Amino acid sequence: MIVAMQEGADEALIQQVIEHLVKMGFEVHRSTGARMTVLGAVGSGIEIDIRNLELLPGVQEVHRISSPYKLAGRSFRPEGTVVRLANGIGIGGNEIIVMAGPCSVESREQLFTTAEAVAKSGAKVLRGGAFKPRSSPYSFQGHGEDALKLLREAGEKFNLLVISEVMEISQIPPMLPYVDILQVGARNMQNFNLLRELGKVRKPVLLKRGIAATLEELLLSAEYIMAGGNYDVILCERGIRTFETYTRNTMDISAIPIIHKLSHLPMTADPSHGTGRRDKVSPMARASVAAGADALLIEVHCNPDKALSDGAQSLFPEQFAKLMDELRIIAPAVGRKIV
Ligand code: PEP
Ligand code: MN
C-alpha cells in the first residue's frame, strides 16, 4: 500500500502516520522527495479500510497495490484455470465453449426444438431458466423443477450439458441432479449467503457480473465461492447499466481482457443480455471472441416472437447457425477454436 503525504506535511505528522501503520502490523518504507513524502506499507493479511488512513492528518491519498482477492487473482494460478465440465470438456482452454438456448424453459416442444437446433450448430451446453429473476412480479417466473427435468432430458437427447440459474439457497439441492453448471444471475452477484453456499458445492458455477458492479466486486464475489473450496468458477460479462438507453445494457467488452489480466478464471460473454436487441447480439458475440472470451452464453428461441421472456434479444436458430460459422472463422485468428 502506498500512503502519499500532503505537500508540506511536517515531520511530526509523518511520524504519526508511520507509527499508526507500524501499530497495524505494516513494515514501512519511507521515500522523501523534494516536495513530498511517500510511505510504502508492506504487510500481508492485514484488514484495512483505506478510508480510515486517508482521514489521518497530513495524508493526501492512499493506494492499495495488492488485490483484495487472493484465490481469484491471477497470481494464484498464473497459468490460468480450465474448468472441467461433466463430460470432460473444459472452459478456459483452447476451445471456446458456446452455451445456447432459450431465456426460459416454456414447454417441451419449445425446449426440444431449440435444443436440437443449437446442438446442430455446435453449442455444447444448453441454457434455459427454470427459476426466473423477473423485474416485475407479474411476469412469467419460470416452471421450476418441471423445467429442470425437461432441460436434463433435452440435454441427454441432444448430447448437451445443462446450465440454469439458481436464485436462492433452497434451490441448490433440487437443482444438483439436473444441471452441470449453476448460474448465478446479475441480480444475485452480491447475494453473499448464496455465494457461500455455492462454495460448498462441487459443481461449476457461472457467476454473472451485477448490473452496476465493478470488476473488483465481481472478483470478490468469485472469492466468496472459492473461499468455500469450490474453485470451479466461470465469470461472465452480461452488460452493465450506463447512461446509454439505446441498448438494454452496455456490453463491456473490455471486461474480457481486464479479467484475463486480473484473474486466472475463465471469462464468458453474454451478448444477449449485454445488448437486449437481437440485431446487436451477433456483432457483440464476434467482438467477444476477438477479445478473448473463453465461452459465450447466447439466447436462442425457436419462435422468439412468442417467447415468454427476452424474445427481443433471442436469436432465431438460423441466425445462431450463421453466427457459429462466423465465429469459427474469427476464433483461429486469436489462437482459439470452435468445433
Ligand atoms: C438470464 O440468463 O436469463 C438472466 C436472467 O441473466 P442476467 O442475470 O444476466 O440478467
Ligand atoms: Mn434472459
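The model is predicted, so local features need pLDDT of at least 70 and side-chain atom pairs count only at pLDDT 80 or more, while totals for chains, interfaces and linings use all residues. Side-chain values use heavy atoms, with hydrogens and water left out.

- Ligand 1 is surrounded by 13 residues, counted when a heavy atom lies within 4 Å of the ligand.
- The closest of them are Arg 127, Ala 186, Arg 187, Lys 208 and Arg 238.
- Ligand 1 takes the space of the second largest pocket.

- Polar contacts are pairs of N or O atoms within 3.5 Å.
- A polar side-chain atom of Arg 238 is 2.6 Å from an oxygen atom of ligand 1.
- For Arg 127, an N or O atom of the side chain lies 2.8 Å from an oxygen atom of the ligand, and for Arg 187 the distance from a polar side-chain atom to a ligand oxygen atom is 2.9 Å.
- Ligand 1 taken alone exposes 300 Å², of which the protein buries 97%; the areas come from the Shrake-Rupley method with a 1.4 Å probe.

**Asp 10**

- Asp 10 is placed in the loop between strand 1 (2-5) and helix 1 (11-24); these are DSSP runs, with helices (H or I) of at least four residues and strands (E) of at least two.
- Asp 10 counts as partly exposed because its relative accessibility is 44%, between the limits for buried (under 20%) and exposed (over 50%), with a 1.4 Å probe and protein chains only.
- The C-alpha atoms of Asp 10 and Met 36 are 9.8 Å apart, with the two residues 26 residues apart along the chain.

Key
Residues are numbered from 1 along each chain as its sequence is written. Chains are lettered from A and ligands numbered from 1 in the order in which they are written. A polar contact is a pair of N or O atoms within 3.5 Å; within protein, one must be able to donate a hydrogen and the other to accept it, and residues adjacent in sequence count only if both atoms are side-chain atoms. On a 1 Å grid over the protein atoms alone, a cavity is a set of points where a 1.4 Å probe fits but cannot get out, and a pocket is an open set with protein on both sides within 12 Å along at least five of seven lines; lining residues have an atom within 4 Å of a point. A molecule sits in a cavity or pocket if more than half of its atoms lie within 2 Å of its grid points.
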